[in-house]
Amino acid sequence: MILYHSIAARSFRPLWMLEELELSYELRMLAFPPRVHDKSYLDINPCGTVPTFFDGDMRMTESAAICQYLAERHPAARLNVELDEADYGAWLNYLYFGEATLTFPQTLVLRYSRFESPERLQPQVVEDYSRWFLSRLKTLTPRLEQNEFLCAGRFTAADVSVGYALLLAEQLGLHTSFTPAVAAYWQRLRQRPAFLRAQAAELAAASAQGVSLLPATQLPT
Ligand SMILES: N[C@@H](CCC(=O)N[C@@H](CS)C(=O)NCC(=O)O)C(=O)O
């Protein structure tokens, strides 16, 4: 398996999954954003985004879908929820909530607070979408006040999907507004050995491949 990744980008989701599952993989690091720094990457993924994931000839480019693929391909680790488990629907929902509902507003915050040229920065967009992200995130609070993880009474790929949004929130400085239940959940996730191994793996690979160690949120614009 091969994963194309930039430090702390959405491709961290499949990287974290690979570490949770203790699979062997090759990590190919890209300077961010890849479409600017490595035009040849467009032949691998015409969108120019990370992740791109290969399992043999099979190629995927959606981080939540790759998490589902890996979890279902390796059911012994129980990072998936089976069709006949009561939380199957909840699992799929949180898996996609992490990307489609949480990461989407964060992308606007990142773009209009850091990536655009000074005259195109949009403080109002940043404020509005920060608030939008936090109010969507707050909907997890009742569940996390009662449960250690999002569904099925165990850690699953859905926690990886939502956990990445919490990592990005911290990098954007939004974590100071987490509710106590979400903050405690985030601490549980970030202390997992596989999460720490994934962070060590991206730094080691970036260093070995001559790619900046800074996450996209801290790159000079
Ligand atoms: N929905 C896709 C989004 C992929 C995506 O937009 N990745 C960002 C990194 S977080 C990227 O590569 N951005 C660079 C660009 O848009 O040029 C996923 O979840 O994987």
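This is a predicted model: local features need pLDDT of at least 70, side-chain atom pairs count only at pLDDT 80 or more; totals for chains, interfaces and linings use all residues.
Q: How many bridges join β3 to β4?
A: Two strands pair if DSSP finds at least two bridges between them. Strand β4 covers residues 58–60 and runs antiparallel to β3. The number of bridges that join β3 to β4 is three.

Q: What is the phi of G56 in the turn between β3 and β4?
A: β3 and β4 form a hairpin, with two residues between them. G56 belongs to the turn, and its phi is positive. The value is about 65 degrees.

Q: Which residue of β3 stands opposite I2?
A: Besides its hairpin with β4, β3 (residues 52–55) pairs with β1 (residues 2–5). The sense of the pairing between β1 and β3 is antiparallel, over three bridges. The residue opposite I2 is F54.

Q: What is the omega of the cis peptide bond between V50 and P51?
A: P51 is found in the loop between α2 and β3. The bond that leads from V50 to P51 is cis. Its omega is near 10 degrees.

Q: Which residue is joined to F32 by a cis peptide bond?
A: The bond has an omega of about -5 degrees.

Q: Is A8 buried or exposed?
A: A8 lies in the loop between β1 and α1, and its phi is near 60 degrees, a positive value in a residue other than glycine. A residue is buried if 20 or more other C-beta atoms, placed from the backbone, lie within 10 Å of its own, exposed if 12 or fewer, and partly exposed in between. Because A8 has 21 C-beta neighbours inside 10 Å, it counts as buried.

Q: How many other C-beta atoms lie within 10 Å of R78?
A: R78 lies in the loop between α3 and α4 (88–115). R78 has a positive phi of about 60 degrees although it is not a glycine. R78 is partly exposed because the number of other C-beta atoms within 10 Å is 14.

Q: Which element gives the most residues to the side of domain 1 that touches domain 2?
A: By an automatic or database domain assignment, the protein is divided into domain 1 (2–78 + 194–211) and domain 2 (88–192). With contact taken as C-beta atoms, placed from the backbone, within 7 Å, 14 residues of domain 1 are in contact with 16 residues of domain 2. Elements that give two or more residues to this side of domain 1 are α1 (12–20), α3 (63–73) and α9 (193–208). With five residues, the element that gives the most is α3.

Q: Which residues does A77 touch, not counting those up to four places away in sequence?
A: A77 lies in the loop between α3 and α4. With 17 other C-beta atoms within 10 Å, A77 is partly exposed. The residues that A77 touches, on that count, are E20 and L21.

Q: How far apart are the C-alpha atoms of S212 and S130?
A: S212 is in the segment after α9. Leaving aside neighbours within four places in sequence, S212 is in contact with A31, A206 and L219. S130 is 82 residues from S212 along the chain, and their C-alpha atoms are separated by 27 Å.

Terms used:
Residues are numbered from 1 along each chain as its sequence is written. Two residues are in contact if their C-beta atoms, placed from the backbone, lie within 7 Å. Helices (H or I, at least four residues) and strands (E, at least two) are DSSP runs, numbered from the N terminus.
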